[in-house]
Each structure stands twice: as structure tokens, then as C-alpha cells.
Amino acid sequence: MGKAIFDLGKINNTYFIENYDIVMCTIGQEEKQTILIDDHNNTCRFCGRKKHEVKFNNKSHAIPEAFGNKKVITRNECNECNQKYANIIENDLLNLTLPSRTVTRVFGKNGIPKYKDITTNNSCEYKDGKFVINDYENFSIMEDENKQIRLKFKTTKMTPLKAYKALVRIALNCLPKAYFDRFKMIEWLESDQDLGGTTEFYTKVITVFMPKINPMFNICLFIRKPNILNVPYCQMVLQVNNIFYQVIIPFIEEDLHLEKETKVIIEPFSFGVVDDDAENTIAILKLESKEKKVLTTEFVINYKEKRLSQ
């Protein structure tokens, strides 16, 4: 790629308005369920088999239910593929995001998840309207003057590249079929392959933590406008309560010219009104590694009252 510039100075929604067309979006449909269906013959997008060959009777969530997704359902994935991807890549994404889903109180399939460090006694859970932190002295830093607690989380062992592939699969699930058919990513999803010399570029995921916004679940998919050159072809923005994941979806053929561009611009996006004075945290997740790793992440929580139990 050319010189990729991830401008993390501030959220810039104008970047997307000027450079992209929206091809799928759930904003404004909070009370509605979105059913994704290519045709009424129930052909699986991922294996190509039809309903007389495989079953489609599971309720397949296009985005993991653990992310709070109750409204985006796909009829384009058979039971077998749904279970296969859950086993080979989705678990890595869930392990990666467990701390953030605990802190932002994402209500998933089994309620708000509890975080526990399997190597220590450190744990954090939201219970009866408050956060309960075990062994907090070894797990957190209290800032009483600001009424803040800084929590340092470690993931269980997970493979970053598999977590990235799980994010890409979300986009492939939600893309309109005319775009999906062009991506040709199925073999790559199921293999141990990376993306060659473009892996580092594609697997940088921008995260935006916005503590003051109304927590909700949303997804938008963007395709580059025809007359635009110096941005990636496709990006996905996924809101999981107070956290936004901005993912570049790989389409090497459409992005080949970016190798010659002197500047490839990527800027962070969010849904809704952006408060420039809010304590938003913008960062990059680097998910290029094919090796199992323990990653660390940090969150700051404001509190009104602190109680110590014996």
C-alpha cells in the first residue's frame, strides 16, 4: 500500500460522507428486526448449498448475539456454516472483546458477561446495578480525586488474525448480494492464510470508546464512491454499546492502485452527535498475528460511590 495515514486526532464523519456510499445501515431501525435474505430458495452464501441439501432452521445472527445483536438476522447461512465459523474464528473475536463487553454492559445471549482472568483472582462483573471488582488492588488503579477507576484487562489466549476474519465475516454476512459476490473471501476465511504484503494495512482496526453516548447496537457498511481513489474500497463501522469498531474489509483487486498512492487516508467515524469535549478514546487494534496471544486493554470507569467488602 501507499503511505497509509490513520488520522486518529478526532472523529471525522465528513470523511465518510465525501468518500463513501452507504450500502447497508441499521441506524434509525432500533425497533425493527432486519432479515437478510438473498432469495427464497435458501442458498447458503458460504458453502453454496441449498435447503434440500442442508438445514436453515437455526436463527442465524449476522452479527454475534454476544454483541447485543437481536435485530440483524440472516437467512443466507446454513446451520453447518454458522456452527463452523463459530468454532474456527468467532470464539477468538469473543475472547478479544470480552473486557469491553463487560465494561460497556453489553447484554448478550446470556446477559452481561463476567470478566475473569484465569491466571489470577481478578474479575469484574456488573451485578445488581453496580460493578463488582474482585482483587481490585492487583487489577485496577483507583483515582479517588477524579472518582475514576482504571481497569487493566488481559484477554484469554486468542489469535488476532482469526478475530479480524470474524469481523470481516460480519461484513460479508451483511453486504448486499451484488457486492458479496465480488469479494471472493470464503477460502481465505476458512484457511490459515494472511493477506500477504497487505496484511498489516487491512488488519488495523480503529476503535472509538465514547462513554457519553447512548449505548446501542448498529452497523453500517460503506463502499468507495467511483471517483474517489485514496481510501480503501470497503469499510464497516460496528457500534457495540459505547464502542465503535471500524474495519477495513479486504478487496485487494479494488485496492491495488493504493500501492501507488502517496497517501491512503483512514479517519475514525461514529454514529450520532460527536461531542468534541467528551473523553473519547481512539486507538488501533493490530490484528495481523497468526499466533495465539494474550492481549491487554485498559478502560477508565467513572463512579459515584466506592464500597469495599471484606
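User: In this structure, in which sense do β3 and strand β5 pair?

Analyst: This is a predicted model. Here β3 and strand β5, residues 72-74, are joined over three bridges. The sense of their pairing is parallel.

User: Which residue of β5 stands opposite L36?

Analyst: β3 covers residues 34-36, and its partner β5 covers residues 72-74. The residue that stands opposite L36 in β5 is T74.

User: Which are the edge strands of the open sheet of three strands?

Analyst: The sheet has the order β3-β5-β4, with mixed pairing. An edge strand here pairs on one side only.

User: Which element gives the largest share of the lining of the second largest pocket?

Analyst: The second largest pocket has a volume of about 530 Å³. Elements that give two or more residues to its lining are β4 (60-61), α2 (79-103) and α3 (160-174). The largest share is six residues, and it comes from α2.

User: Which residues lie nearest the centre of the second largest pocket?

Analyst: The pocket is lined by 25 residues. By class, the lining divides into eleven nonpolar, seven polar and seven charged residues. Those nearest the centre are P64, E65, A66, E90 and K109.

User: How many cavities of 30 Å³ or more are there, and what space lies in the largest cavity?

Analyst: The count of cavities of 30 Å³ or more comes to one. The space in the largest cavity is about 40 Å³.

User: Which element gives the most to the lining of the largest cavity?

Analyst: The lining is made up of N95, L98, P99, Y115, K116, K154, T155 and T156. By class, three are nonpolar, three polar and two charged. Both α2 and β6 (115-116) supply at least two residues. The most, three residues, come from α2.

User: Is T207 buried or exposed?

Analyst: T207 is found in strand β11, residues 204-209. Its relative accessibility is 15%. Residues under 20% count as buried. Therefore T207 is buried.

User: Which residues does T207 touch, not counting residues up to four places away in sequence?

Analyst: T207 is in strand β11. Leaving out residues up to four places away in sequence, the contacts of T207 are F244, Y245, T281, I282, A283 and L285.

User: What kind of aromatic pair do F209 and F299 form?

Analyst: A pair of aromatic rings is described by the distance of the centres and the angle of the planes. For F209 and F299, the centres are 5.4 Å apart and the planes make an angle of 90°. Planes over 60 degrees apart count as edge-to-face. The F209 and F299 pair is therefore edge-to-face.

User: Which strands hold F209 and F299?

Analyst: The pair links distant parts of the chain, 90 residues apart. F209 is in strand β11, and F299 is in strand β17 (residues 296-302).

User: How many aromatic pairs does a search of the whole structure find, and which residues do ring pairs link into a cluster?

Analyst: The search finds 18 aromatic pairs. The residues that ring pairs link into a cluster are Y15, F16, Y20, F222 and F269.

Definitions and conventions: Residues are numbered from 1 along each chain as its sequence is written. This is a predicted model: local features need pLDDT of at least 70, side-chain atom pairs count only at pLDDT 80 or more; totals for chains, interfaces and linings use all residues. Side-chain values use heavy atoms; hydrogens and water are left out. On a 1 Å grid over the protein atoms alone, a cavity is a set of points where a 1.4 Å probe fits but cannot get out, and a pocket is an open set with protein on both sides within 12 Å along at least five of seven lines; lining residues have an atom within 4 Å of a point. Grid points are joined across faces, edges and corners, and a volume is the space filled by probe spheres set on the points. Helices (H or I, at least four residues) and strands (E, at least two) are DSSP runs, numbered from the N terminus. Ala, Val, Leu, Ile, Met, Phe, Trp, Tyr, Cys and Pro count as nonpolar, Asp, Glu, Lys and Arg as charged, and the others, Gly among them, as polar. Buried means under 20% relative accessible area, exposed over 50%, partly exposed in between (1.4 Å probe, protein chains only). Contact means heavy atoms within 4.5 Å. Two strands pair if DSSP finds at least two bridges between them. Rings of Phe, Tyr and Trp (its six-membered ring) pair if their centres lie within 6.5 Å; planes under 30 degrees apart count as stacked, over 60 as edge-to-face and the rest as tilted.
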